[in-house]
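Here is a friendly walk through one protein chain and the ligand beside it. Have a look at the model first, then read on.

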Amino acid sequence: SPAEENECNRNFPEWACQRKAKLEHLNKKLTSAVEVLQEFAELRDSNQDYSRALAFRRASSVLKSLPFQVQNVEQLKGLKDIGEHVKTVISDVLDHGSSSEVEEILKSEWFKKMKLFTSVFGIGPSTAKAWIERGWENLDDAQKDGCPSGDWRIAWGLAFFEDLNVPVGRIEAIAFSQIVQEEAECILPGVITTLVGGFRRGKSQGHDVDILLSHPTDGAEMGLLPKLIAALGKRGLVLIGHKEKNSFRSDILYQDFKLSARGQLDHFEKWLGICKFPKSFSTPKISKKSKPEINQPTPCTTDTDLKATADSSLDESMNELYEPKAKKTKGSEAIELEPNRISAAPRDWLARRVDLIIAPKSQYYYALVGWTGSKHFNRDARLYAQKKLGLKLTSHGLFNLEKREPLTAQSEEEVFSHLKLPYIDPADRNC
Ligand code: CTP
Ligand code: MN
Ligand code: MN
Ligand code: MN
């Protein structure tokens, strides 16, 4: 009833991180329209567009958490994040089935090209704009010119564009994380392996596989990543990737309270790359007879293998293995030839984006929250922590900048209680 709805709007929690937002909600038609406007503003990416994007994001987040299906804009009375612009869009969708503003955007060549170009691994809005300014219409134009920046992500992202744009299924993601768990356990017994990102929030598909690794003993996780990549490489699962060193520095952390709302950068040691997922990964296990290869126990890499790959000089050569050789040579010829040659060859695997993140146990539960997302949940929780509590929240911890102290957590629940937030289940963080 209208009275009940009004009551509900009055009590509606102000922050997205205080609300439950399931993947399936009642206002999909409205949120998808608002999200087009949000995306358009994000891609245009001027300062003004940035605040517009934020407003659309907040509005669609509210719609996702509403306990009723909106049939009339009157029902939105009292909800502070639903502004006049959004109300117009919602009325249009409710009255005519679509919004003309949204339709215009979807039709525009600029938007289509931006969407296409930014769907390439390694391409953000600024590079996409530069490509459009060069007059490029499609990915063939980009392929013809090779990889102008020499960025390995773009070269491989273009070569494996089709594979990488087939959504990763939950079954594949789980199959791969089980192998990561097995190999990591051989290298570092007791290792904690968690499938994070959208899959942890219950999504059945994703654009990549995000895996967070830690160990009950703080510091024991050091040295795991290169060995793990080597072990996965030995199993033929690695196509290309890049390691980033841990760059966390508490002295820098305490110096700056600036919330980089635009970036989500953390300082964990990580590997960002592309893996080779055998096609059998996406086939559910039926019986031992039909799919013997997935049901057999998979022996992990031997100790001697690991000693060899743990050697630091070998570690350097591993780096070369996973980076285009062209970096060493002049020009970008090799960088573009190599990935194309591999992608064109007959193969029984799909290229999949994988992020492996290493967190020490003392930061693990904050890393878990950060890497579970959603992106909007993180942005909102970080802003909430700053504005309401005067604390800085990152994937490394929650920090009191005045006292120069971290608020440590031994569980995800404790992260929420430090934040004075009700605990929200990962499946309810799809805000
Ligand atoms: N994230 C982060 N730091 C990064 C990259 C991502 O903290 N450098 C967070 C994102 O905010 C997100 C989660 O880690 O909450 C996973 O990122 P991503 O894979 O981009 O998004 P998903 O939610 O997993 O979406 P998808 O299913 O499309 O992969
Ligand atoms: Mn959104
Ligand atoms: Mn993801
Ligand atoms: Mn990711």
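Domain bounds here come from an automatic or database domain assignment. On that basis the chain splits into domain 1 (2-105), domain 2 (115-145), domain 3 (164-358) and domain 4 (371-428). The model is predicted, so to speak of local features a pLDDT of at least 70 is needed, side-chain atom pairs count only at pLDDT 80 or more, and totals for chains, interfaces and linings use all residues. Residues are numbered from 1 along each chain as its sequence is written, while chains are lettered from A and ligands numbered from 1 in the order in which they are written.

**Where domains 3 and 4 meet**

Two residues are in contact if their C-beta atoms, placed from the backbone, lie within 7 Å. By that rule, 17 residues from domain 3 and 19 residues from domain 4 take part in the contact. On the domain 3 side, three elements each supply at least two residues: helix 12 (197-200), strand 4 (209-214) and helix 14 (250-255). Helices (H or I, at least four residues) and strands (E, at least two) are DSSP runs, numbered from the N terminus.

**Around ligand 1**

A residue is near a molecule if its C-beta atom, placed from the backbone, lies within 6 Å of it. Of the 17 residues around ligand 1, Gly 197, Gly 198, Gly 206, His 207 and Gly 373 come nearest. Helix 12, helix 19 (361-372) and helix 20 (375-389) each give two or more residues to this shell. Domain 3 and domain 4 each contribute at least three residues.

Is helix 19 mostly covered or uncovered? Of its 12 residues, 10 are buried (20 or more other C-beta atoms within 10 Å of a residue's own, C-beta atoms being placed from the backbone). Among them are Tyr 366, Ala 367, Leu 368 and Trp 371. Just after helix 19, Gly 373 takes a positive phi of about 75°. Leu 212 touches Ala 367, Leu 368 and Trp 371, and its partners also include Val 196 and Ile 357.

Conventions. Lists of a residue's contacts leave out its neighbours within four places in sequence.
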